Amino acid sequence: MTQQHSSRSKPLQTLIGGGLVVLALFLAWGASSVSSDAGYGGVGPNFFPWVVSIALLICGVLCMVHALTGGFRALEEGSGDERAHWKGFIWVSAGLLLNALLITTLGFILSCTLCFVLSVRGFKSSEGGLDLRLQAWIKDSAIGVAVAAPVFWMFTKLLAINLPGLTNTGWL
C-alpha cells in the first residue's frame, strides 16, 4: 500500500475531517427545516438532528486539527482483510433492506430487531464466527428487542414522535 493511499496519509486524513464537516453542515441544513415545536417531553423533533450535526461538526474539526498538526494520534494498522467480505455484506444489507421493507408491517421494534439479528450474522461471519444455531438467533433477538424497545418508547412516549408500531397501543 502506498503512503498516498494509506490511512496514515495526512491529505487523506484532512479530507476525512473535511468530509465530516461538510456532512455536519448538510445535517444542520436539514435540521433547520424540521419543525421546532416542542412535543410532550419539551423538546421538538429537530433536537436530535441538531445534536448529531453539532457533534459531527466537532468531530470533523478535531479530525482536521489532528491531521494538520501531525496526523491522527496512535493510529493502529487496520485489522481488516485486504478484500471485502461479501457474505457479511449480504447479511447486513439484507437486514437493512428488510428493516426498511417491513417497518410499517412488523412495527419499529420487530423490524429493528430483525435488522440487528441479520447484521450480527454478517459481522460474525466476517470474523469467521458465523453461528446459525437456534440458541444464537434467540440470544441475538433478545438483545435486539432490548435495544429497539427502549428507543421506540423514548421516541413515542417521551418525545411524542410517531414511529410505526405492531399494535395501536403505542407500546409495541
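Biologist: Is Ile161 buried, partly exposed or exposed in this structure?

Modeller: In this predicted model, Ile161 is found in the segment after α5. The cut-offs place buried residues under 20% relative accessible area and exposed residues over 50%. Ile161 has a relative accessible area of 22%, so the residue is partly exposed.

Biologist: What distance separates the C-alpha atoms of Ile161 and Pro45?

Modeller: Ile161 belongs to the segment after α5. Along the chain, Ile161 and Pro45 are 116 residues apart.

Biologist: What percentage of the residues in the protein chain is buried?

Modeller: A residue counts as buried when its relative accessible area is under 20%. The protein chain has 172 residues, and the buried share of them is 26%.

Biologist: How are α1 and α2 oriented to each other?

Modeller: Two packed helices are described by the angle between their axes and the distance between the axes. The axes of helix α1 (residues 10–32) and α2 come within 8 Å and cross at roughly 160°, and the crossing is left-handed. Angles over 145 degrees count as roughly antiparallel. The helices α1 and α2 are therefore roughly antiparallel.

Biologist: What is the C-alpha to C-alpha distance between Leu62 and Val21?

Modeller: Leu62 lies in helix α2, and its relative accessibility of 46% makes the residue partly exposed. In sequence, Leu62 and Val21 are 41 residues apart. From C-alpha to C-alpha, the distance between Leu62 and Val21 is 9.8 Å.

Biologist: How are α4 and α5 oriented to each other?

Modeller: The axes of helix α4 (residues 108–126) and α5 come within 8 Å, with a crossing angle of roughly 135°. This crossing of α4 and α5 is right-handed. An angle of over 145 degrees would be needed for roughly antiparallel, and 65 to 115 degrees for roughly perpendicular. The relation of α4 and α5 is therefore oblique.

Biologist: Which residue forms a salt bridge with Arg121?

Modeller: The structure holds two salt bridges. In the one formed by Arg121, the closest N and O atoms are 2.5 Å apart. Arg121 lies in helix α4 and its partner in helix α5, so the pair ties together parts that are 19 residues apart in sequence. Both residues of the pair are buried, and the partner of Arg121 is Asp140.

Biologist: How far apart are the closest N and O atoms of Arg133 and Asp131?

Modeller: A salt bridge requires a side-chain nitrogen of Lys or Arg within 4 Å of a carboxyl oxygen of Asp or Glu. Arg133 and Asp131 form such a salt bridge. The closest N and O atoms of Arg133 and Asp131 are apart by 2.8 Å.

Biologist: Which element gives the largest share of the nonpolar patch?

Modeller: Phe47, Phe48, Val51, Met154 and Leu158 make a nonpolar surface patch of about 400 Å². Two or more residues of the nonpolar patch come from each of α2 (47–68) and α5 (134–158). Phe48, placed in helix α2, is partly exposed at 32% relative accessibility. The largest share, three residues, comes from α2.

How values were computed:
Residues are numbered from 1 along each chain as its sequence is written. This is a predicted model: local features need pLDDT of at least 70, side-chain atom pairs count only at pLDDT 80 or more; totals for chains, interfaces and linings use all residues. Side-chain values use heavy atoms; hydrogens and water are left out. Patches are made of residues with over 30% relative accessible area and no salt bridge: like charges are joined within 9 Å, nonpolar side chains (Val, Leu, Ile, Met, Phe, Trp, Tyr) within 5 Å. Accessible areas come from the Shrake-Rupley method with a 1.4 Å probe; for residues, only the protein chains shown count as cover. Helices (H or I, at least four residues) and strands (E, at least two) are DSSP runs, numbered from the N terminus. Buried means under 20% relative accessible area, exposed over 50%, partly exposed in between (1.4 Å probe, protein chains only). Axes are lines fitted to C-alpha atoms, for helices over the stretch in contact, and angles run from 0 to 180 degrees between N-to-C directions. Angles under 35 degrees count as roughly parallel, over 145 as roughly antiparallel, 65 to 115 as roughly perpendicular and the rest as oblique. A crossing is left-handed if the near helix is turned anticlockwise from the far one by less than a right angle, and right-handed if clockwise.
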